[in-house]
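Student: I would like to learn how to read the features of a structure one at a time, with a case for each. Could we begin with a backbone angle and go on from there?

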Amino acid sequence: MNYWMDLSIQYANQRNYLDDLFCVYPTIPNGIREIDQDRWSNIEQAFMNKDDNVLIKYLLYLDLFPIKDSYVAFLKRDPTAIKRNPKTVARLCGRLYEMGLDKIYEKCTEPKETNRQIGPLFKRWCETKALGVVPVTLHEFCKNNDNAILNASDAKMQSWAEKVLGYKRNKGLDFIARFNGKYVIGEAKFLSDFGGHQDAQLEDAILTLKEPNVKAMKIAILDGVVWLKTQNKMYKTITEKFSEENIMSALVLREFLYSL
């Protein structure tokens with residue numbers, strides 16, 4: 001097994017892993033979503049008038065629709081379908097009228113889910129000099145061959161890696177660094193649970209590891225339930241199929257970089 005993978009497993013199962021990980025991923029929920037007051041007034045009026053089409057129309061303008069229903073996304077992407085599908089609209093509005101305005105407002109203003117807020121946190125942690133150097137702009141990164149971490153958007157990292165390192169995957173990167181003259185690229189993921197979207201996140205990190213002909217060390221910076229020593233799919237995937245790859249926790253990343 002890869003040394004850094006083994007070290008990460010030991011860290012997660014024998015030490016205060018979650019306490020330390022909170023420095024990297026401080027998952028503090030955002031405040032409630034805001035709703036434009038004029039738009040909410042239109043929603044209230046349509047609700048009081050039992051005007052189904054107008055009620056659905058204005059609720060679809062909001063970031064978060066108050067009920068989960070498989071048909072809402074279609075209406076959101078094609079508002080003209082509201083008039084063509086009166087039974088679907090009536091069904092949705094029936095649920096809305098049962099909820100009442102207070103509950104609708106509460107649902108529409110719920111904070112974003114933690115796992116959707118987590119993307120930028122790894123880069124913010126890097127900016128605290130947790131890895132020994134302060135991340136620099138692309139201009140500074142290219143000026144010399146010193147140890148450095150690139151501070152740029154995922155898309156800019158992708159573009160630079162394409163031109164310089166031969167990275168061909170149509171996907172932005174979370175991490176680019178240079179230590180002891182060696183380039184390192186990778187994805188950083190916090191896998192908070194098993195299944196669904198989280199499995200897709202793991203696969204995304206693995207695809208970067210498998211990218212061929214890249215003139216850099218490829219790593220996957222994974223944290224969360226992936227390190228639990230149980231018979232879960234994530235743990236089995238990395239330890240059985242990718243045991244020799246550079247897969248590691250963010251908490252051992254500094255040690256890895258200075259070992260290059």
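Tutor: Let us begin with Lys50, which is found in the loop between helix 3 (37-48) and helix 4. Please keep in mind throughout that this is a predicted model. Lys50 has a positive phi of about 55°, although this residue is not a glycine.

Student: Which residue in the loop between helix 13 and strand 4 can I look at next?

Tutor: Asn213 is found in that loop, and although Asn213 is not a glycine, its phi is positive, at about 60°. Asn213 is also exposed, because its relative accessible area is 72%, and the cut-off for that word is over 50%.

Student: How should I read the packing of two helices, and at what angle do helix 4 and helix 7 pack?

Tutor: Two packed helices are described by the angle between their axes together with the distance between those axes. Here helix 4 (residues 52-60) and helix 7 (residues 86-99) pack at an angle of about 80°, and their axes are 10 Å apart. The two helices, helix 4 and helix 7, are therefore roughly perpendicular to each other, since that term covers angles from 65 to 115 degrees. On the helix 4 side the residues that meet helix 7 are Asp52, Asn53, Leu55, Ile56 and Leu59, and their counterparts in helix 7 are Val89, Ala90, Leu92, Cys93, Leu96 and Tyr97.

Student: Which residues of helix 12 are buried, and what covers them?

Tutor: The buried residues of helix 12 are Met157, Gln158, Trp160, Ala161 and Leu165. Their cover includes helix 10 (121-126), helix 11 (138-143), strand 2 and strand 3.

Student: How many disulfides does a search of the whole structure find?

Tutor: A disulfide is a covalent bond between the sulfur atoms of two cysteines. A search of the whole structure finds 0 disulfides. Cys108 is in no disulfide, and the nearest cysteine sulfur, that of Cys93, is 13 Å away. For Cys23, the closest cysteine sulfur is in Cys126 at 13 Å, which is too far for a bond.

Student: Are Cys23 and Cys108 buried or exposed?

Tutor: Cys23 counts as exposed, because its relative accessibility is 57%, whereas Cys108 is buried, with a relative accessible area of 2%.

Student: How many salt bridges does the structure hold, and which residue forms one with Asp78?

Tutor: The structure holds 12 salt bridges. Asp78 forms one with Arg84, and the closest N and O atoms of that pair are 3.2 Å apart. Asp78 is partly exposed, with a relative accessible area of 24%, while Arg84 counts as exposed at 52% relative accessibility.

Student: Which residue meets Glu187 in a salt bridge?

Tutor: The side chain of Glu187 meets that of Lys171 in a salt bridge, at 3.2 Å from N to O. Because Glu187 lies in strand 3 (residues 182-191) and Lys171 in the loop between helix 12 (154-165) and strand 2 (175-179), the pair ties together parts that are 16 residues apart in sequence. Glu187 is buried, with a relative accessible area of 0%, and Lys171 is partly exposed, with a value of 24%.

Lys171 also forms a salt bridge with Asp204, the closest N and O atoms being 3.3 Å apart. This pair links distant parts of the chain, since Asp204 is in helix 13 (residues 196-209), 33 residues from Lys171 in its loop between helix 12 and strand 2. Asp204 is buried, with a relative accessible area of 9%. Through shared partners, salt bridges join Arg169, Lys171, Glu187, Lys189 and Asp204 into one network.

Key:
Residues are numbered from 1 along each chain as its sequence is written. This is a predicted model: local features need pLDDT of at least 70, side-chain atom pairs count only at pLDDT 80 or more; totals for chains, interfaces and linings use all residues. Side-chain values use heavy atoms; hydrogens and water are left out. A disulfide is a pair of cysteine sulfur atoms within 2.5 Å. Buried means under 20% relative accessible area, exposed over 50%, partly exposed in between (1.4 Å probe, protein chains only). A salt bridge is a side-chain nitrogen of Lys or Arg within 4 Å of a carboxyl oxygen of Asp or Glu. Helices (H or I, at least four residues) and strands (E, at least two) are DSSP runs, numbered from the N terminus. Contact means heavy atoms within 4.5 Å. Axes are lines fitted to C-alpha atoms, for helices over the stretch in contact, and angles run from 0 to 180 degrees between N-to-C directions. Angles under 35 degrees count as roughly parallel, over 145 as roughly antiparallel, 65 to 115 as roughly perpendicular and the rest as oblique.
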